[in-house]
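Welcome! Please take a moment to turn the model around on your screen before reading on.

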Amino acid sequence: MNYDPELVETVQQIIEFLGTFAFAISGIRHAAASRFDWFGGFVCGVCVAIGGGTIRDVMLGVTPFWMTSPFYLVCTALAQVFVILFARSLKRLDNAWFVFDTLGLALFTIAGLQKTIDCGHPMWVAIIMGCITGSAGGVIRDIFLNRTPLIFRKEIYAMASIVGGIFYWALLQAQVNVGLASVLAFVFICLVRALAMKYHISLPQLRSEE
């Protein structure tokens, strides 16, 4: 597979910026629902926005992405301002949290895939890192909110990231341009999440022996 380094870097930066904003809004919305104060909301937004990417970068042995530029913290602050200013409008949108959570999942999954491939790792590692990038921040958020992490419940979440990673790999194998492959994989992950939610598709629950 041939990559244009400049194109990959540009696409990766755009995805990380958009993913940071989307995930930060998701985290801050959940914090607001739990009646956190402004500082608590910001901390929750930061953890969702940078948590998965930080774990990924540490495992890849590179400088965590948010330490290379203050933009990610600024982006989270802007997300908090957005939530504060449009709180009433967002409250009327019952599925607003789902939308931002899904956008963040899709965007960060792709960012994780691209960065891992760029570091020279095989695709199976990239798929795992894409899943970690997309879902680990939500795990940290749910721990802060004192509830069972979403990825451990029956809702399709991490699995959407994994199948999206496989789909992205298939597109690259078919020699699809990296930019187009990113867009198609983004749409695919969002569709998987939306269809799973609409038709109540889920993985089987483990049963105890009782």
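Keep in mind that the model is predicted.

**Two helix pairs**

Let us begin with helix H2, which covers residues 38-60, and helix H6, which covers residues 123-144. Their axes come within 7 Å and cross at roughly 140 degrees. An angle over 145 degrees would count as roughly antiparallel, but the angle here makes H2 oblique to H6. The crossing of H2 with H6 is right-handed.

Which residues of H2 and H6 meet? On the H2 side they include Val43, Cys47, Gly51, Ile55 and Met59, while the H6 side includes Met129, Ala136, Ile140 and Phe144. Sorted by type, the residues of this contact between H2 and H6 are twelve nonpolar, five polar and two charged. Arg56 in H2 and Arg141 in H6 are among the residues that meet.

H2 also packs against helix H3, residues 71-85. The angle there is about 130 degrees, with the axes 10 Å apart, and H2 and H3 are therefore oblique to each other. This crossing, too, is right-handed. From H2, the residues Trp38, Gly41, Phe42, Gly45, Val46 and Ala49 take part, and they meet Leu73, Thr76, Ala77, Gln80 and Ile84 of H3. The contact of H2 with H3 divides into seven nonpolar, four polar and no charged residues.

**Residues in the loops**

Now for the backbone. Most residues other than glycine have a negative phi. Arg35 is not a glycine, yet its phi is positive, at about 65 degrees. You can find Arg35 in the loop between helix H1 (5-33) and H2. Asn146 is not a glycine either, and its phi is positive at about 60 degrees. Look for Asn146 in the loop between H6 and helix H7 (158-173).

| Residue | Relative accessible area | State |
|---|---|---|
| Arg35 | 77% | exposed |
| Asn146 | 72% | exposed |
| Asp142 | 0% | buried |

Residues over 50% count as exposed and those under 20% as buried, so Arg35 at 77% is exposed, whereas Asp142 at 0% is buried.

Where does Asp142 lie? Asp142 is in helix H6. What is Asp142 in contact with, leaving aside its neighbours within four places in sequence? With those set aside, Asp142 is in contact with Arg147, Thr148, Pro149, Leu150 and Arg153.

Notes. Residues numbered from 1 in each chain as written. Predicted model: local features only at pLDDT ≥ 70, side-chain atom pairs only at ≥ 80, totals over all residues. Heavy atoms only, no water. Axes fitted to C-alpha atoms, helices over the stretch in contact; angles between N-to-C directions. Helix = DSSP H or I, 4+ residues; strand = E, 2+ residues; numbered from the N terminus. Parallel < 35°, antiparallel > 145°, perpendicular 65-115°, else oblique. Left-handed = near helix turned anticlockwise from the far one by under 90°. Contact = heavy atoms within 4.5 Å. Nonpolar A, V, L, I, M, F, W, Y, C, P; charged D, E, K, R; others polar. Buried < 20%, exposed > 50% of the residue type's maximum accessible area, 1.4 Å probe, protein only.
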